[in-house]
Amino acid sequence: MRGRLASVLLLVAASGCGLTSGSPMADDVRPGSIGRGEPLKGASLTVTSKSFTEGLILGAIMGISLEAAGAEVLDRTGIQGSIGSREAVRKGDADAGYEYTGTAWITYLGHSRPITDPRRQWEAVKKEDAANGLAWLRPSSLDNTYALAMNQENAKKYGTRTMSDVAKLAKSDPDAVRLCVEVEFANRADGLPGMQKRYGMDLPARNVTQMDTGIIYTQTEKGSCPYGEVFTTDGRIKSMNLVVMEDDRKFFPNYNAAPMINAKTLKEWPAIADVLDPVTARLNNTVARDLNAKVDVDGEDPHEVALDWLVAEGFVREG
């Protein structure tokens, strides 16, 4: 239960964007295909992440990889919301964490329009964030973007397959389009407000219910929520046999996961890039859905899921 314990400790200790507590990672790992020669021996690095399942897994993947390369790693994963983990790295309270290119471009850097090409999106974020003391390493093809989904029964009942279909239904039968979304999605420019604007929707407030992520999935599966906000890499989509609406107007940005490093840390320990690049390159939506499902469906611990994957891929060895 290491990952969950670290998250609890952090949430109790965190105040604003500052971090005051954490838990040392103590995995018995050594180099596999990464970290040979222990190029990070002598480094004391702090890894952070957001609090949702994929964030916890990615944070553990990063931390264990750095451990295998010889670093001592402090685990400060599990920060709630989007701003906290970024600010921790920017201010130097943490050294590194996985972040999403679309989140950085829209939410942190304040742009209203995403860049549709994922590589160019990453390059633009990397260039602009350099002024903030943040360095972005190579991105993964893992694209954890937003989507709306429904169960099979509602999909047959309403016949929607695209977001444009949902917009048409909202006009012809307003009561049919009821959404269950997270608080953050309800207020983000790259969430509900922007989605409605792009697709010409004007849903009344009574048709939008805000709830926690896990409840959204269960209520969508049951059909209580005709349309639920989901993440495209979530393992519950497959396990619950949900139907995902196609974003046919390409509103939602590319949310490719990439390591975000404090620039001073990377200058001091440039080998971080050599350690993390091969691991990041292996991350994609299929891998993410499988790993996320082990936690959200099978009830496994995020840290152990990350460790098992790194060992299975040959990146690190135990013992």
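The legends below describe views of a predicted model.

**View 1. Overall fold of the chain.**
The secondary structure consists of 15 helices and 13 strands. Along its principal axes, the C-alpha trace spans about 65 × 40 × 35 Å. The radius of gyration is 20 Å, which agrees with the value near 20 Å for a compact globule of 319 residues. Of the contacts with a separation of 6 or more, 79% join residues 24 or more positions apart.

**View 2. The largest nonpolar core.**
This core has 82 residues, and the members that touch the most others are L40, I61, L66, M195 and I272. Helix 2, covering residues 53–68, gives the most to the core, with 8 residues. Another core lies apart from it and has 17 residues, including I79, I106, Y108 and V125. In soluble globular proteins, nonpolar side chains tend to be buried together.

**View 3. Surroundings of I272.**
Leaving out residues up to four places away in sequence, I272 touches L40, L45, L66, L137, I261, T265 and L266. Among these neighbours, L40 and L66 are listed with I272 as core members that touch the most others.

**View 4. Surface and charge.**
Buried residues make up 57% of the 319 in the chain. The accessible surface comes to about 13800 Å², and carbon and sulfur atoms hold 48% of this area. Side chains counted as charged comprise 37 positive and 43 negative ones. The centres of the positive and negative sets lie 5 Å apart.

Technical notes
Residues numbered from 1 in each chain as written. Predicted model: local features only at pLDDT ≥ 70, side-chain atom pairs only at ≥ 80, totals over all residues. Heavy atoms only, no water. Core = buried A, V, L, I, M, F, W, Y, C linked by side-chain atoms within 4.5 Å. Buried < 20%, exposed > 50% of the residue type's maximum accessible area, 1.4 Å probe, protein only. Helix = DSSP H or I, 4+ residues; strand = E, 2+ residues; numbered from the N terminus. Contact = heavy atoms within 4.5 Å. Rg over C-alpha atoms; globule rule 2.2 N^0.38 Å. Areas by Shrake-Rupley, 256 points an atom, 1.4 Å probe, with all protein chains shown as cover. Lys, Arg positive; Asp, Glu negative; His and termini not counted. Charge placed at Lys NZ, Arg CZ, Asp CG, Glu CD.
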